[in-house]
Amino acid sequence: MAFEAARPLLERRAETLCANRNLLLAGLFVLGLAPRLILLAARHADLEFWEYETLARNIIAGDGYVISRFGHLALGFGDGNLYTFLTAALYLVTGHHPLVVAVIQALLAACVAPVIYVIGERSIGAIPAMLGAALAALHPGLMAYTLKLHPLGLDVLLLTLVVLWGGRATWTRQSGLTTALALGMSLMTRPTFFVACAAGLGARWLLRRQGLAATFGVVLLGAAIATPWIARNTVFIGRPVMITTSLEDVWKGNNPNANGSSLLTADKDMFASASPELQARFMAADELQLNDLFLQETAEFVRQQPGLFANLVGRKFMY
């Protein structure tokens, strides 16, 4: 009887709490979005274009997902192809308006803060979650990418969604499907995130010792999302690869002139440090041969200079 009498009051309290929480999540989203839109309004003429812009324009022109690399057309170039196809789709609908892409990526980046709040609230409580979400909303590094047409904001959002959905106490059909979707989209934009998230899901199973079949199924379903892309590369390149520039990135951080960065100076990349003979080999190799060349050069560097290799690993970890 007492419970029945108190039930309306408890329901009103629950509704108030839910409304306040939704308002908090909306506020965190606005906290992330407002400075980005102000930055775009003030400096829209300073947008920076990367390789994704070239790829998107080639898709719109009917040339396909291709880009010139070391004097050859590359068909399986780099990560971020999810972002490239999103950019191409926006251009197809709106015309070539890079500012529209910048606004969309600002919206995606602003979604990170409320997701981080929900993750933190579940594990460490509302107040620290609120602080962490606010710091994420205004993170200077992520904020700087507002003016770069680059997938970083999308990458971070997908990573946080995997943590949100994959970190639930038990697997449900909904959490399994949503985690697999975020995991597969991560594979299509940043393959190293897929590996890290799969390892995280493995650690989740080790800690809880339950749901092995569900965890395995989530990872397999996530990997299956990239199957058409790998099949496409197999047809056009002749080898079942995700991307053909991963070893290029490994070489940039592991060669005799490496400094832990992709750049030597603000306007000179690591490739400029290669000897004339090695640069000539870059230009003579096709896409797959270039991938193999970077693997050979990296392996030779590790074999000949293991001390410098270890030093670079530590330096990059500190960065």
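Trainee: Hi! How many aromatic pairs does the structure hold?
Mentor: This is a predicted model, and the structure holds 13 aromatic pairs.

Trainee: How are the rings of Tyr65 and Trp229 arranged?
Mentor: Their centres are 5.0 Å apart and the planes sit at 80 degrees, so the pair is edge-to-face.

Trainee: And where in the chain do those two sit?
Mentor: Tyr65 is in the loop between α2 and β2, while Trp229 is in helix α12. They are 164 residues apart, so this pair links distant parts of the chain.

Trainee: Is Tyr65 buried or exposed?
Mentor: Tyr65 is buried, with a relative accessible area of 3%. Trp229 is buried as well, at 8%.

Trainee: What about Phe271 and Phe282?
Mentor: That aromatic pair is edge-to-face, with 6.2 Å from centre to centre and 85 degrees between the planes. Phe271 lies in the loop between β6 and α14 and Phe282 in helix α14, so the pair ties together parts that are 11 residues apart in sequence. Both residues are buried.

Trainee: Which residues do ring pairs link into a cluster?
Mentor: Phe70, Trp251, Phe271, Phe282 and Phe294.

Trainee: Switching to helices: how do α3 and α4 pack?
Mentor: Helix α3 (residues 81-94) and helix α4 (residues 98-110) pack at an angle of about 130 degrees, and their axes are 10 Å apart. The two are therefore oblique to each other.

Trainee: Left-handed or right-handed crossing?
Mentor: The crossing of α3 and α4 is right-handed.

Trainee: Which residues make the contact?
Mentor: Among them are Tyr83, Leu86 and Leu90 of α3, and Val101, Ile104 and Leu108 of α4. The contact residues divide into nine nonpolar, three polar and no charged.

How values were computed: Residues numbered from 1 in each chain as written. Predicted model: local features only at pLDDT ≥ 70, side-chain atom pairs only at ≥ 80, totals over all residues. Heavy atoms only, no water. Axes fitted to C-alpha atoms, helices over the stretch in contact; angles between N-to-C directions. Helix = DSSP H or I, 4+ residues; strand = E, 2+ residues; numbered from the N terminus. Parallel < 35°, antiparallel > 145°, perpendicular 65-115°, else oblique. Left-handed = near helix turned anticlockwise from the far one by under 90°. Contact = heavy atoms within 4.5 Å. Nonpolar A, V, L, I, M, F, W, Y, C, P; charged D, E, K, R; others polar. Phe/Tyr/Trp six-rings, centres within 6.5 Å; stacked < 30°, edge-to-face > 60°. Buried < 20%, exposed > 50% of the residue type's maximum accessible area, 1.4 Å probe, protein only.
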